[in-house]
Amino acid sequence: MLLEIRTYRLHPGTAEEFVGVMREQALPLLEQQGIRVVRAERSLTSEDGHDEACLIRAFASSEERDSLETTFYSSEAWRTGPREAILSRIESYHTVVLDVSAEAVDALAT
């Protein structure tokens, strides 16, 4: 199982709005596309005055990840939905993908 951890460096003062849009609009779309979201939340720390947030998702394989992401990010629902509200608040992001057990994913979800 793959665990994808994406951290976002946000423009100062935008974390609450970012997390709100992520939870209320983007997460339902991700889940409709079959993408398992383990966590989506604001970081407990900030660096150099920048707010930060994370999105943790789980996939059965790298092929599944590639396929689901391609479908999601090219969908009309994403492009005309929360895309602009999310992207406008991101200064940069970083993604790490780890090979983990299903039990580790379940532990993070609780």
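**Core packing, helices and salt bridges**

In this predicted model, I86 touches F18, V21, M22, A26 and W78, leaving aside residues up to four places away in sequence. Apart from it lies another core, of seven residues, which include V38, C54, A58 and V105. The largest nonpolar core has 23 residues, and those with the most contacts inside it are F18, M22, L55 and I86. At least two residues of this core come from each of β1, α1, β2 (36–42), β3 and α2. The most is given by α1, with nine residues.

The buried residues of α1 are listed as A15, F18, V19, G20, V21, M22, A26, L27, L29 and L30. With 18 residues at 1.5 Å a residue, α1 should span 26 Å, and its end C-alpha atoms are 24 Å apart, which agrees. At A26, α1 bends by about 40 degrees, and the proline P28 follows within four residues. After α1 comes G34, whose phi is positive, near 90 degrees.

Helix α2 (residues 62–73) has twelve residues, and from its first C-alpha to its last it reaches 16 Å, close to the 16 Å expected at 1.5 Å a residue. Its buried residues are R65, L68, E69 and F72. These cover an arc of only 100 degrees around the axis, which puts them on the same side of α2. In an α-helix there are 3.6 residues a turn, so residues three or four places apart point the same way. E63 and T70, on the other side of α2, are exposed. The buried residues of α2 pack against β1 (2–10), α1 (15–32), β3 (51–59), α3 (76–80) and β4 (90–99).

Side chains of opposite charge can pair when their charged atoms come close. The count in the model comes to eleven salt bridges. One of them joins the side chains of E4 and R57 (2.6 Å, N to O). This pair links distant parts of the chain, with E4 in strand β1 and R57 in strand β3, 53 residues apart. E4 counts as buried because its relative accessibility is 0%, and R57 is also buried, with a relative accessible area of 0%.

R42 forms a salt bridge with D51, where the closest N and O atoms are 3.2 Å apart. R42 is partly exposed, with a relative accessible area of 34%, whereas D51 is buried, with a relative accessible area of 12%. Salt bridges that share partners join E4, R6, R57, R65 and E69 into one network.

Terms used:
Residues are numbered from 1 along each chain as its sequence is written. This is a predicted model: local features need pLDDT of at least 70, side-chain atom pairs count only at pLDDT 80 or more; totals for chains, interfaces and linings use all residues. Side-chain values use heavy atoms; hydrogens and water are left out. The expected span of a helix is 1.5 Å times one less than its number of residues. Buried means under 20% relative accessible area, exposed over 50%, partly exposed in between (1.4 Å probe, protein chains only). The arc is that of the directions from the helix axis to the C-beta atoms. Contact means heavy atoms within 4.5 Å. A nonpolar core is a set of buried Ala, Val, Leu, Ile, Met, Phe, Trp, Tyr and Cys residues joined through side-chain atoms within 4.5 Å. The bend at a residue is the angle between axes fitted to the seven residues ending there and the seven starting there. A salt bridge is a side-chain nitrogen of Lys or Arg within 4 Å of a carboxyl oxygen of Asp or Glu.
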